[in-house]
Amino acid sequence: MLSQMSYLKMSGIVPGFGQSSGVGWREMAEHPEAEKMFADPLYGKQHRRVFGLVARSRRYRQIKANFYKEWFDEKREIQFAAVTFFLGETSIFVSFRGTDETLVGWKEDFNMGYMKEIPSQRSALAYLKGVARYTGGRMILGGHSKGGNLAIYAAACAAPQVQRRIRRVYSFDGPGFQKGFYERPGFIRIEERFCKIVPEQSLVGMILANYKKYRVVESYGSGMVQHDLMQWKIREGRFVYRRELQGRSTRKSAILNAWVNSLTKRQITEFVEILYELLRSTQASTVAELVKRPFRILYLVLRSFGRMDKKRRQSFLQIIGKLFAAAGAYLRGIHRPGFRSKTKDH
């Protein structure tokens with residue numbers, strides 16, 4: 001729940017580092033600019049509803065929020081936000097925001113495919129250092145989607161004295177990392193305190209090299225809708241778990257990861273840059289704008305693609321072709337004699 005709350009736009013409402021002792025839900029709700037917390041064009045109504053539930057709940061109503069930090073820079077391609085929730089006198093929850101509605105946020109996600117470190121990961125580590133400097137006691141780190149990736153990164157790269165204060169690290173359907181990350185000494189030191197939870201048809205959480213230990217939660221929705229935390233099933237205050245992912249999730253993530261692994265770093269970079277260029281050519285700056293007028297957006301993208309340099313067009317199509325090749329290779333493997341899938345649909 002607290003990972004979901006980091007999506008609220010709290011700038012000017014929740015104080016930053018060293019400004020005050022934090023604010024409660026009531027103070028946030030009564031702030032003159034409270035409405036801007038729910039300004040997300042896609043999920044604003046849901047955020048308002050969740051805020052109301054949290055503020056009224058016996059479990060969460062005494063919590064205070066502090067150290068809000070938000071950084072958005074289109075040129076540097078960074079979308080980052082984090083907030084710290086004080087659970088009591090000696091325990092805090094450091095919540096990292098996932099990808100928001102901006103195209104820059106999605107572009108930064110794609111950059112994970114070829115960058116060893118994205119700007120938000122550096123910001124997450126710097127943020128954790130700041131929290132550790134201003135607080136004492138035990139810390140829990142967590143985040144949804146990219147926020148889960150940032151929580152793991154910050155915990156794994158923190159100094160040993162900070163790591164000793166970390167009680168738990170949660171990644172809720174967060175993407176993985178490039179090869180080798182899970183062998184780093186910093187991750188090994190906090191490995192036993194790391195918990196990854198994904199929905200039964202997870203795709204985002206299965207992207208890139210992934211930690212093999214994770215728990216699977218049942219969901220009310222299907223497909224990409226399951227990425228929404230509010231779709232995860234809860235019974236008597238706890239997630240409803242199942243033994244394994246559904247087969248369709250395994251197939252999709254296997255194809256996607258095989259495709260990414262078949263590309264060179266240059267090809268991944270080129271694909272991401274061209275795709276982002278095509279989307280930006282529509283003058284849209286948020287995902288909501290793309291969803292609102294899909295046919296118009298498709299027309300503008302195809303028009304821009306037709307005007308693109310022939311060599312770049314061919315390169316982009318070649319990379320797309322590798323995706324279909326990866327899908328074909330995977331399906332041929334499934335149907336070869338003697339093949340038996342290890343994952344079953346339930």
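A: The idea of burial is simple: under 20% relative accessible area a residue is called buried, over 50% exposed. D173 has 1% relative accessibility, so D173 counts as buried. Keep in mind that this is a predicted model.

Q: Where does D173 sit, and what is its phi?
A: D173 belongs to the loop between strand 6 and helix 8. Its phi is near 55°, a positive value in a residue other than glycine.

Q: Which loop holds Q283, and is Q283 buried or exposed?
A: Q283 is in the loop between helix 10 and helix 11. With 66% relative accessibility, Q283 counts as exposed. Its phi is positive too, about 70°, although Q283 is not a glycine.

Q: What about T282, buried or exposed?
A: T282 is in the loop between helix 10 (265–280) and helix 11 (287–292). At 2% relative accessibility it counts as buried. Setting aside neighbours within four places in sequence, T282 is in contact with L290, R293, I297, L300 and V301.

Q: Let's zoom out. How many helices and strands does the protein have?
A: There are 13 helices and 11 strands.

Q: What share of the residues counts as buried?
A: Of the 346 residues, 51% count as buried. Among contacts between residues at least 6 apart in sequence, 69% join residues at least 24 apart.

Q: How do I check the length of a helix such as helix 3?
A: You work out the expected span at 1.5 Å a residue, then look at the end C-alpha atoms. Counting one less than the number of residues, the 13 residues of helix 3 (residues 44–56) should span 18 Å, and the end C-alpha atoms are 19 Å apart, which agrees.

Q: Which residues of helix 3 are buried, and what covers them?
A: The buried ones are G44, Q46, H47, V50, F51, G52 and V54. Their cover includes helix 1 (2–5) and helix 2 (25–29).

Q: How many aromatic pairs are there?
A: A search of the whole structure finds 25. To read a pair, look at the distance between ring centres and the angle between planes; under 30 degrees counts as stacked. F17 and F67 have centres 5.0 Å apart and planes at 15°, so this pair is stacked. F17 lies in the loop between helix 1 and strand 1 (23–24) and F67 in strand 2 (residues 64–73), so the pair ties together parts that are 50 residues apart in sequence.

Q: Which charged ends sit over a ring?
A: Here you look for a Lys or Arg end above a ring. The charged end of K107 sits over the ring of Y276, 5.5 Å from its centre, and that of R215 sits over the ring of Y241, 3.7 Å from its centre.

Q: How many residues does the largest nonpolar core have?
A: A nonpolar core is a set of buried residues joined through their side chains. The largest has 33 residues, and those with the most contacts inside it are F96, L141 and F187. Helix 6 gives the most to this core, with seven residues. A second, separate core of 24 residues includes M10, V14, M37 and F93.

Technical notes
Residues numbered from 1 in each chain as written. Predicted model: local features only at pLDDT ≥ 70, side-chain atom pairs only at ≥ 80, totals over all residues. Heavy atoms only, no water. Helix = DSSP H or I, 4+ residues; strand = E, 2+ residues; numbered from the N terminus. Buried < 20%, exposed > 50% of the residue type's maximum accessible area, 1.4 Å probe, protein only. Contact = heavy atoms within 4.5 Å. Phe/Tyr/Trp six-rings, centres within 6.5 Å; stacked < 30°, edge-to-face > 60°. Lys NZ or Arg CZ within 6 Å of the ring centre and 35° of its normal. Core = buried A, V, L, I, M, F, W, Y, C linked by side-chain atoms within 4.5 Å.
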